[in-house]
Amino acid sequence: FPSHDSARDYRFAEVLYFDSIHGHILNHLRTAISQPDSHCDNKSDCFMNLELSGRTALVTGASAGIGRAIAKLLAQEGVKLAISGRRLPELESLAAEIQDLGGLMPSIVVQEFMADDAAQRIAEQSLAALGSVTILVNNAGGSRPFTLDSSESQWEEAMTLNFTRHR
């Protein structure tokens with residue numbers, strides 16, 4: 001991929017680096033999600049050094065599931081976090097877990113993602129807390145049971161939540 005654009009080459013190399021470790025991350029995420037309260041006997045067995053220490057990250061949809069697991073793993077890597085979701089008690093619980101694991105206290109951004117200004121508000125609050133965001137995990141979204149006879153408003157809500165609100 002030789003090129004004369006060193007910034008582009010760096011971004012490309014960074015993407016390749018993250019792609020090459022993505023299998024390891026998925027294995028850790030599967031364990032974190034399937035066994036959320038398990039702890040490794042040897043801390044080095046459950047910690048992988050992705051050389052992310054000192055970076056900043058915004059994780060949306062962090063109050064549960066995959067978003068919660070990603071936030072915990074990034075915190076273990078030494079990443080300073082802004083965590084976002086619509087349920088404050090779950091975000092506070094996550095922040096406490098992160099601190100109990102030795103991570104930095106994350107900034108909490110409570111936001112209903114369906115609000116028209118959600119992306120802007122999350123970005124503003126995260127940037128105010130972190131200064132910059134070097135890692136973005138757009139995890140907000142969800143699925144609801146539908147049939148082909150579902151209303152137009154149900155389809156529009158699903159499309160907005162999962163596809164257009166992130167822009």
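**Salt bridges and their setting**

Author: Happy to! Counting by a cut-off of 4 Å between a side-chain nitrogen of Lys or Arg and a carboxyl oxygen of Asp or Glu, there are 3 salt bridges in this predicted model. As background, side chains of opposite charge can pair when their charged atoms come close.

Let us begin with Arg 68, which pairs with Glu 97; their closest N and O atoms are 2.6 Å apart. Arg 68 sits in helix α2 and Glu 97 in helix α3 (residues 88–100), so this pair ties together parts that lie 29 residues apart in sequence. Arg 68 has a relative accessibility of 15%, so it counts as buried, the limit for that being under 20%. Glu 97, at 25% relative accessible area, is partly exposed.

Glu 97 also forms a salt bridge with Lys 72, where the closest N and O atoms are 2.9 Å apart. Here too distant parts of the chain are linked, with Glu 97 in helix α3 and Lys 72 in helix α2, 25 residues apart. Lys 72 is buried, with a relative accessible area of 16%.

Arg 87 is partly exposed, its relative accessible area being 30%, and Glu 90 is partly exposed with a value of 30%.

Now for the setting of helix α2. This helix (residues 65–76) makes a right-handed β-α-β unit together with β1 and β2. The two strands run parallel and are joined by 5 bridges; Thr 60 of β1, for instance, has Ser 84 in β2 as its bridge partner. β1 also runs parallel to strand β4 (residues 135–137), to which 3 bridges join it, and Val 59 stands opposite Val 137 there.

How enclosed is β1? In β1, 5 of the 5 residues are buried, so the strand is largely enclosed by the rest of the structure. Thr 56, Leu 58 and Thr 60 point one way, while Ala 57 and Val 59 point the other way.

Helix α4 also belongs in this picture: its buried residues pack against β1 (56–60), β2 (80–85) and β3 (107–110). Those buried residues are Ala 118, Ile 122, Ser 126 and Leu 130. They cover an arc of only 65° around the axis, which puts them on the same side of α4. On the other side of the helix, Gln 120 and Ala 128 are exposed.

Methods
Residues are numbered from 1 along each chain as its sequence is written. This is a predicted model: local features need pLDDT of at least 70, side-chain atom pairs count only at pLDDT 80 or more; totals for chains, interfaces and linings use all residues. Side-chain values use heavy atoms; hydrogens and water are left out. Buried means under 20% relative accessible area, exposed over 50%, partly exposed in between (1.4 Å probe, protein chains only). Helices (H or I, at least four residues) and strands (E, at least two) are DSSP runs, numbered from the N terminus. The arc is that of the directions from the helix axis to the C-beta atoms. Contact means heavy atoms within 4.5 Å. Two strands pair if DSSP finds at least two bridges between them. A crossover is right-handed if, with the strands pointing away from the viewer, the path from the first strand over the helix to the second runs clockwise.
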